[in-house]
Each structure stands twice: as C-alpha cells, then as structure tokens.
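Hi,

Here is the structure I said I would pass on.

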Amino acid sequence: MSQISRRALLKKGLFGLAALPLGMGVLTSQSFAAGLPALSEDAPQAKALKYVTDATKAAGNAKYQAGQECDNCMFWKPANNGCALFPQNTVEAKGWCQSYVKKPG
C-alpha cells in the first residue's frame, strides 16, 4: 500500500514539474505584454511604415482606405494590443500603418 502511495505521489510530482515551464511561459508572456511601451509615431520603424495612432490621420496616404485600423489587420495581437510588425511595443487599436493587411475571415 505504501508503494502505491509513493508511486502516485511520484507521478503527480513529475506531472507538476512537467507543467511548470508551461505555466511559467504563460505568466512570463502576460507579464511581458503588460509591460510593453506604446509605439510612438516618432519611432524610426513607425515613421518608416507611416504608423499613426488614429487611422483617420492616414487619409492623405494613397494606401489608406476608410475602415482600415490596427484591430482589423492580420498583424494585430488582441491579447496585448500588439502588432507582429512592432513586437517591442503596443499599438493603438484604431491606429494604422501602410503595411495594413485585412484580417482573413
């Protein structure tokens, strides 16, 4: 009986250890996302892609079409208001850049 208890304890312990990196990865990515600074329109990469925090300001850009906003772009990451093109920053949901691609679906 004592061996069964130890075996069960060992299995649960090993499962817990195996799940630990997954849990830490989720916590780390959430913490990292919460700490991302907002992308400034003056940042070099933002300027290169003509990023604006308000999509209506992009009306003078030949590539802009009404209704295009970061939150309906395929590069948008809703979990952290992020963008695949600006991984070190958050972006405005109603912003826009010239790399806009409509989200499929």
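Below is what turned up, going from the whole chain down to single residues.

A word on the ground rules before anything else. This is a predicted model, so local features need pLDDT of at least 70 and side-chain atom pairs count only at pLDDT 80 or more, while totals for chains, interfaces and linings use all residues. Residues are numbered from 1 along each chain as its sequence is written, and side-chain values use heavy atoms, with hydrogens and water left out.

**The overall picture**

The chain has 2 helices and 2 strands, and from the N terminus they come in the order α-α-β-β. Those labels are DSSP runs, numbered from the N terminus: helices are H or I with at least four residues, strands are E with at least two. Of the 105 residues in the chain, 24% are buried. Buried here means under 20% relative accessible area, exposed means over 50%, and partly exposed is in between (1.4 Å probe, protein chains only). The chain exposes about 7,400 Å², with carbon and sulfur atoms supplying 63% of it; the areas come from the Shrake-Rupley method with a 1.4 Å probe, and for residues only the protein chains shown count as cover.

The largest nonpolar core has 10 residues: L39, A46, L49, Y51, C70, W76, C83, F86, V91 and C97. By nonpolar core I mean a set of buried Ala, Val, Leu, Ile, Met, Phe, Trp, Tyr and Cys residues joined through side-chain atoms within 4.5 Å. A second, separate core has 7 residues, including A55, Y64, C73 and W96.

**Around W96**

W96 counts as buried, at 1% relative accessibility. The structure holds 2 aromatic pairs. One of them is Y64 with W96, an edge-to-face pair with 5.5 Å centre to centre and 90° between the planes. For the cut-offs, rings of Phe, Tyr and Trp (its six-membered ring) pair if their centres lie within 6.5 Å, and planes under 30 degrees apart count as stacked, over 60 as edge-to-face and the rest as tilted. This pair links distant parts of the chain, with Y64 in the loop between α2 and β1 and W96 in the segment after β2 (82–83), 32 residues apart. Y64 is buried too, at 15% relative accessibility.

Q68 is in the loop between α2 and β1 and is buried, with a relative accessible area of 11%. The side chains of Q68 and W96 are joined by a polar contact of 2.9 Å. That term covers a pair of N or O atoms within 3.5 Å; within protein, one must be able to donate a hydrogen and the other to accept it, and residues adjacent in sequence count only if both atoms are side-chain atoms.

N61 sits in the loop between α2 (44–48) and β1 (76–77). Not counting residues up to four places away in sequence, N61 touches K50, W96 and Q98. A polar atom of the N61 side chain lies 2.8 Å from the backbone nitrogen of K63.

**The cysteines**

How many disulfides are there? The count comes to 0, taking a disulfide as a pair of cysteine sulfur atoms within 2.5 Å. For C70, the closest cysteine sulfur is in C83, 6.3 Å away and too far for a bond. C73 is in no disulfide either, the nearest cysteine sulfur being that of C83 at 6.1 Å.

K50 has a phi near 55°, a positive value in a residue other than glycine. K50 lies in the loop between α2 and β1 and is partly exposed, at 46%. N81 has a positive phi of about 55° as well, although N81 is not a glycine. N81 is placed in the loop between β1 and β2 and is partly exposed, at 35% relative accessibility.

Cheers

Terms used
Contact = heavy atoms within 4.5 Å.
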